[in-house]
Amino acid sequence: MSPPAASQRYASPSQPSGKSEVTDLKSQLRQLAGSRAPGVDDSKRDLFKKVISYMTIGIDVSSVFGEMVMCSATSDIVLKKMCYLYVGNYAKGNPDLSLLTINFLQRDCNDQDPMIRGLALRSLCSLRVPNLVEYLVGPLGSGVKDNNSYVRTIAVTGVLKLYHISASTCTDADFPATLKSLMLHDSDAQVVANCLSALQEIWSLEASHSEEACREKESLLSKPVIYYFLNRIKEFSEWAQCLILELAVKYVPSDSNDIFDIMNLLEDRLQHANGAVVLATVKVFLQLTLSMTDVHQQVYERIKSPLLTLVSSGSPEQSYAILSHLHLLVVRAPFIFASDYKHFYCQYNEPSYVKKLKLEMLTAVANESNTYEIVTELCEYAANVDITIARESIRAVGKIALQQYDVNAIVDRLLQFLEMEKDYVTAETLVLVKDLLRKYPQWSHDCISVVGGISSKNIQEPKAKSALIWMLGEYAQDMSDAPYILENLIENGEEEHSAEVRLHLLTAAMKCFFKRPPETQKALGIALAAGIADFHQDVHDRALFYYRVLQYDVHVAERVVSPPKQAVSVFADTQSSEIKDRIFDEFNSLSVIYQKPSYMFTDKEHRGPFEFSDEVGNIPITPEASSDIVPAQQFEANDKDLLLSTDEKDDNKGVSNNGSAYMAPSYDNSNISSQMQELAISGPATSATTPQSSFDFDDLFGLGLSAAPAPTPSPPLLKLNPRAALDPGAFQQKWRQLPISLTQECSVNPQGIAALTVPQSLIKHMQSHSIHCIASGGQSPNFKFFFFAQKESEPSSNYLTECVINSSSAKAQIKVKADEQSTSQAFANVFETALSKFGMP
């Protein structure tokens with residue numbers, strides 16, 4: 001039995017069922033349409049309210065269009081407004097019904113009440129039906145000449161709407177010239193502001209193909225026009241003032257007197273209660289005086305007080321916006337704001353985003369005269385219940401120390417943080433101590449004496465653990481327990497999931513070996529063996545490099561790994577001066593809030609790498625008819641998608657596999673010994689003059705190699721079904737249901753990266769290896785593919801793979817889901833082998 005029609009379905013008790021109610025409304029409206037009885041307007045109001053409420057909840061009431069138009073013949077403004085709302089809603093989707101409204105709207109445009117004339121004109125222009133353009137010209141022409149300013153304001157906006165409906169009709173009627181005359185001579189400030197806004201938009205669009213429009217657009221920046229607006233600026237609304245100030249920023253003054261005249265005219269705008277007006281005025285002052293160094297500095301002094309007042313008097317959102325602009329100014333001229341550092345102290349009731357920005361401000365304004373007070377205040381925040389703020393405050397203390405302000409006292413404060421016995425405080429402090437030692441190696445004795453007492457078991461964060469390991473390797477000669485702490489970390493290395501920590505362990509073990517060989521010999525051997533067996537590409541490569549350079553010459557290895565180091569004088573800035581200047585040029589815009597130029601978040605090609613959703617179900621997949629290629633559906637990445645950073649990717653990886661092109665067997669002494677033996681024999685450092693060096697070298701690290709054992713035979717490759725088929729819907733369902741079997745990372749050869757400019761080539765290549773693509777998408781430098789494959793012997797055993805390739809790093813992230821998880825690793829081997837051959841002849 002088929003479901004009942006929409007009109008026959010039962011409605012919920014709280015909503016009208018639709019058809020019967022609308023029919024009743026229609027009959028009642030028809031009865032009231034021509035009635036002039038007392039109280040008829042009140043009855044119409046009740047019916048109009050019902051119509052609007054039905055329309056709001058989604059019931060189609062277009063059938064009463066004619067009755068609504070007939071009932072609009074009234075002088076009641078409330079009825080007029082509801083009628084115009086109804087007409088505007090249905091006229092857009094029903095152009096034929098719009099014809100019924102033209103007569104009564106044109107009639108209302110000539111009404112004696114200016115409010116009705118304005119409302120009718122606004123509704124007429126809001127129809128936006130191209131076929132009715134000819135009916136707009138007359139009312140608009142009358143509207144811009146109307147005696148009432150409200151009607152003129154509506155008419156000016158209507159001209160802009162007409163331009164977007166039909167640009168030729170607007171220009172043929174000479175409306176731009178009419179608006180220009182109105183802008184320069186009208187007595188009402190709102191009319192003038194609307195004219196300016198409309199003309200800027202019209203002439204900007206026309207300038208691409210009209211020289212006259214270019215000249216008219218440039219005329220807005222002439223001295224008479226600019227001064228005309230600035231002399232009247234107090235009459236305008238806050239929005240209009242911002243519009244005029246944005247225009248004034250583009251004005252090029254003729255001389256210094258011109259600059260001072262403009263600043264004198266705008267002096268009182270700095271005291272305005274609206275933050276947008278103040279920021280727009282500040283931008284005018286800053287831009288006008290860029291070429292006048294002394295005056296520019298005086299401008300900083302002048303604008304400082306109004307901005308600081310706005311920070312403390314507005315809402316948290318306004319405070320953040322003003323602080324973001326202040327931060328930009330502080331970075332450019334920190335000495336001017338140095339004496340006002342107390343304005344940037346955090347209040348207990350401020351949101352965390354405001355506190356974080358204030359901490360950056362305190363770091364920026366710190367100098368020799370105020371460092372002690374600022375650091376004292378920041379140290380109080382280290383015990384804040386908000387862990388994020390506590391971390392940021394510790395980082396701020398470290399940044400101030402790196403600026404060479406009162407280093408002695410700051411180092412003592414940082415070392416006191418290590419005694420607080422809070423994990424996150426200890427973690428942040430260790431990272432900062434490492435940076436301080438890189439810049440001030442003379443403080444190594446004091447720092448190492450405190451750091452040596454920290455148990456590595458209490459440190460879980462990868463960055464903090466890496467910092468501790470770096471200090472253990474760099475200052476092994478000063479820390480009596482350094483070799484033994486490293487040995488303990490290395491022996492428990494299989495429990496460490498972060499590749500960053502494993503890389504630091506390798507380097508620290510090498511450095512410690514050069515300084516204290518007997519105590520570190522065994523630990524280094526274990527570290528190298530585990531590193532070569534590591535699934536992570538970088539860890540594997542570094543361990544292999546260390547092993548071979550030690551084979552070649554220990555002294556050369558020491559010069560490479562642990563050379564004499566000079567103190568770091570300046571740490572790299574995260575933003576170039578060019579970027580900062582670009583942001584300054586875009587003052588009073590979102591660029592300051594985001595701390596990046598507008599093109600970085602408006603132009604799609606500059607938005608950075610994309611991250612793709614873990615769920616393929618979020619991607620619409622539709623099969624395409626193709627005889628030789630399995631369906632592949634392109635998709636657009638979401639603007640919010642951002643690839644995880646290296647550290648985040650490492651932290652998110654499980655214990656199982658970290659991804660590598662080297663698929664070594666699981667960690668055990670026999671297999672590692674076999675690999676080390678093979679490397680020793682085939683390594684480039686082995687020469688004819690030292691035939692036994694590899695065995696002696698392996699024995700040095702306690703690996704117990706007396707003879708080269710036979711290599712373990714590799715398991716047979718998994719055979720895949722070349723004619724595998726899987727419905728996109730089934731793929732989506734399986735992808736949601738199956739857990740991730742393994743996650744790996746592998747390299748893509750340069751030829752493959754070059755061929756990836758045509759993603760379809762990778763799809764064809766993988767299909768030739770019986771691995772089929774069901775969805776693909778993304779854009780350079782990030783491409784994403786979803787593949788599937790089936791075992792040749794068991795067609796019901798599916799392998800689903802997500803492959804994200806970054807062409808910049810030449811790396812591929814692979815996630816595998818399988819019906820038979822025990823064979824996931826075998827399939828991953830097949831997949832990586834096929835991927836490694838992509839682009840090869």
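Me: Angles under 35 degrees count as roughly parallel, over 145 as roughly antiparallel, 65 to 115 as roughly perpendicular and the rest as oblique. So how are α22 and α23 arranged, roughly parallel or roughly antiparallel to each other?

Reply: Two packed helices are described by the angle between their axes and the distance between the axes. This is a predicted model, where local features need pLDDT of at least 70, side-chain atom pairs count only at pLDDT 80 or more, and totals for chains, interfaces and linings use all residues. Residues are numbered from 1 along each chain as its sequence is written, and side-chain values use heavy atoms, leaving out hydrogens and water. Here α22 (residues 387–402) packs on α23 (residues 407–417) at about 155 degrees, the axes being 9 Å apart. They are therefore roughly antiparallel.

Me: Which residues of α22 and α23 make the contact?

Reply: From α22 you get I394, V397, I400 and A401; from α23, V407, I410, L414 and F417 (contact means heavy atoms within 4.5 Å). By class, that's eight nonpolar residues, with no polar and no charged ones.

Me: And at what angle do α2 and α4 pack?

Reply: About 30 degrees for α2 (residues 40–56) against α4 (residues 77–91), with 10 Å between their axes. That pair is therefore roughly parallel. On the α2 side, D41, K44, R45, F48, K49, V51, I52 and M55 take part, and they meet V78, L79, M82, C83, L85, Y86, N89 and Y90 of α4. The classes come to eleven nonpolar, one polar and four charged residues.

Me: Which residue other than glycine has a positive phi near 60 degrees?

Reply: That's D174, in the loop between α9 (167–172) and α10 (175–185). D174 counts as partly exposed because its relative accessibility is 43%.

Me: What about S770, buried or exposed?

Reply: S770 is buried, at 11% relative accessible area. This serine has a positive phi too, of about 70 degrees, and sits in the loop between α40 (759–767) and β2 (772–779).

Technical notes: Axes are lines fitted to C-alpha atoms, for helices over the stretch in contact, and angles run from 0 to 180 degrees between N-to-C directions. Helices (H or I, at least four residues) and strands (E, at least two) are DSSP runs, numbered from the N terminus. Ala, Val, Leu, Ile, Met, Phe, Trp, Tyr, Cys and Pro count as nonpolar, Asp, Glu, Lys and Arg as charged, and the others, Gly among them, as polar. Buried means under 20% relative accessible area, exposed over 50%, partly exposed in between (1.4 Å probe, protein chains only).
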